Amino acid sequence: PCVEAGLVEYCTADNSPHQSQSNFIEKILSSYVGPRVVLALVAILYGTNFPLGAIMNQNLPASAATSSRMVLASVALFPF
C-alpha cells in the first residue's frame, strides 16, 4: 500500500519486519487508554522542564547550560 504526502509517495512492503511493531503501536493508540497515557507522558516531560532548567541555571554558567540544552535538542531531533 502506498500513501501520497505532497510530492512524495511512501510505499511499504507487505512483509515488512516493522509491520508487527506498527500494528502494536496502532492497537495501543486506537484503544481508550493509549492516547491518555501518551498525553500524560508529554505533560510529565513538559512539567519537568521548568524545575530541571532552574537547577541547571543555578549550578552551571549560562553558556554551559545553553550549549547543553542545544546538544540535547540536536541529539533528540537527529533521527528526523
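Me: Where does helix H2 bend, and by how much?

Reply: A bend is read as the angle between axes fitted to the residues on either side of a position. In this predicted model, H2 bends by about 25° at Asn49. A proline, Pro51, follows within four residues.

Me: What end-to-end reach does H2 have, beside the reach expected for a helix?

Reply: The expected reach rests on 1.5 Å a residue. H2, residues 34–59, has 26 residues and spans 37 Å from its first C-alpha to its last. That is close to the expected 38 Å.

Me: Which helices supply the lining of the largest pocket, and which residues are closest to its centre?

Reply: The largest pocket holds about 360 Å³ of space. It is lined by 13 residues, and those closest to its centre are Leu45, Asn49, Leu52, Arg69 and Leu72. Helix H2 and helix H3 (62–77) each supply at least two lining residues. The largest share, seven residues, comes from H2. Asn49 is also where H2 bends.

Me: How many of the lining residues are nonpolar, polar or charged?

Reply: The lining divides into eight nonpolar residues, four polar ones and one charged.

Me: How many aromatic pairs are there, and what lies over the face of Tyr32?

Reply: A pair of aromatic rings is described by the distance of the centres and the angle of the planes. This structure holds zero such pairs. Over the face of Tyr32 lies Arg36, at 3.9 Å from the ring centre.

Definitions and conventions: Residues are numbered from 1 along each chain as its sequence is written. This is a predicted model: local features need pLDDT of at least 70, side-chain atom pairs count only at pLDDT 80 or more; totals for chains, interfaces and linings use all residues. Side-chain values use heavy atoms; hydrogens and water are left out. On a 1 Å grid over the protein atoms alone, a cavity is a set of points where a 1.4 Å probe fits but cannot get out, and a pocket is an open set with protein on both sides within 12 Å along at least five of seven lines; lining residues have an atom within 4 Å of a point. Grid points are joined across faces, edges and corners, and a volume is the space filled by probe spheres set on the points. Ala, Val, Leu, Ile, Met, Phe, Trp, Tyr, Cys and Pro count as nonpolar, Asp, Glu, Lys and Arg as charged, and the others, Gly among them, as polar. The expected span of a helix is 1.5 Å times one less than its number of residues. The bend at a residue is the angle between axes fitted to the seven residues ending there and the seven starting there. Rings of Phe, Tyr and Trp (its six-membered ring) pair if their centres lie within 6.5 Å; planes under 30 degrees apart count as stacked, over 60 as edge-to-face and the rest as tilted. A charge sits over a ring if NZ of Lys or CZ of Arg is within 6 Å of the ring centre and within 35 degrees of the ring normal.
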